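Here's a quick tour for anyone meeting this structure for the first time. Have a look at the sequence and the model, then read on.

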Amino acid sequence: MENYTKGETKKEYDPPRLFLEGAVEMKVTGGSKIRNLMGFAMSSMGDKSVRHMTWNGTGNAINKTISCVEIMKRKVKGLHQITQIGYMRVEDFWEPSIEGLDTLKVNTNIPAISILLSKDPLDSNDPSYQAPGATDVVWAGTSKRRHQFHSHKNKLAAVRDVKSAASRPKRAKGDRRDGKKSSGKKKDDGKTMETS
């Protein structure tokens with residue numbers, strides 16, 4: 001690469017990011033602070049004229065983007081959501097500094113997420129649509145299986161406890177393990193001691 005210099009860079013989203021007319025766009029980067037993002041987002045959504053907001057993040061910022069959206073949904077009740085996952089394709093062109101070499105094109109695909117939040121109802125036929133207050137849309141099948149697994153595990157533990165309790169011999173207070181009655185006194189080094 002010593003014979004090349006970096007030229008033009010093109011960024012293209014596949015599929016294109018979610019967009020609605022009049023929506024506030026929040027771009028989250030790896031260096032963004034959640035407190036600053038949420039401060040601006042909350043003041044924007046507090047405005048009656050703002051009805052939609054899009055959150056966009058790529059690469060390492062995806063987790064932070066999702067966290068901001070979940071915080072937003074807890075603080076502002078009644079938000080509809082559509083999520084879109086894809087790639088940001090970055091095309092870097094490298095120009096040769098020596099004659100006779102070809103221009104190089106380097107493609108990089110970076111994961112990207114785009115989340116649209118709206119105070120107004122959105123297209124409920126979209127596969128990624130989440131209605132306000134819906135927390136079990138994505139994991140609907142797994143929560144039931146997990147509950148069944150834990151329920152079965154708890155039943156097995158209860159059976160084990162009953163079996164172990166039933167196998168232990170019952171002793172009256174003052175009985176010793178060797179089956180003899182205790183007199184309430186302990187012998188130690190030839191001396192008799194009272195036990196409490």
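E4 gives the most, with four residues. Helices (H or I, at least four residues) and strands (E, at least two) are DSSP runs, numbered from the N terminus. Before going further, note that this is a predicted model, where local features need pLDDT of at least 70 and side-chain atom pairs count only at pLDDT 80 or more, while totals for chains, interfaces and linings use all residues. Residues are numbered from 1 along each chain as its sequence is written, and side-chain values use heavy atoms, with hydrogens and water left out.

What counts as a cavity? On a 1 Å grid over the protein atoms alone, it's a set of points where a 1.4 Å probe fits but cannot get out, and lining residues have an atom within 4 Å of a point. By this rule there is one cavity of 30 Å³ or more. The largest cavity has a volume of about 80 Å³, taken as the space filled by probe spheres set on the points, which are joined across faces, edges and corners. It has 14 lining residues, and Tyr 13, Arg 17, Ala 112, Ile 113 and Ser 114 are the closest to its centre. Sorted by class, the lining has six nonpolar, six polar and two charged residues. Here Ala, Val, Leu, Ile, Met, Phe, Trp, Tyr, Cys and Pro count as nonpolar, Asp, Glu, Lys and Arg as charged, and the others, Gly among them, as polar.

Is E3 (residues 52-58) mostly covered or mostly open? It's mostly covered, with six of its seven residues buried (under 20% relative accessible area, 1.4 Å probe, protein chains only).

Strands pair if DSSP finds at least two bridges between them. E3 pairs with E2 (residues 24-28) in the parallel sense over five bridges, and Met 26 stands opposite Trp 55 in E3. Between E2 and E3 the chain goes through helix H1 (residues 34-45), a right-handed β-α-β crossover: with the strands pointing away from the viewer, the path from the first strand over the helix to the second runs clockwise. E3 and E5 (residues 104-118) run antiparallel, joined by seven bridges; Thr 54 has Leu 116 in E5 as its bridge partner.

## The whole chain

The protein chain has three helices and seven strands, in the order β-β-α-β-α-β-β-α-β-β from the N terminus. Buried residues make up 26% of its 196 residues.

Conventions: Buried < 20%, exposed > 50% of the residue type's maximum accessible area, 1.4 Å probe, protein only. 1 Å grid on protein atoms, 1.4 Å probe; cavity = no way out; pocket = protein on both sides within 12 Å on 5 of 7 lines; lining within 4 Å.
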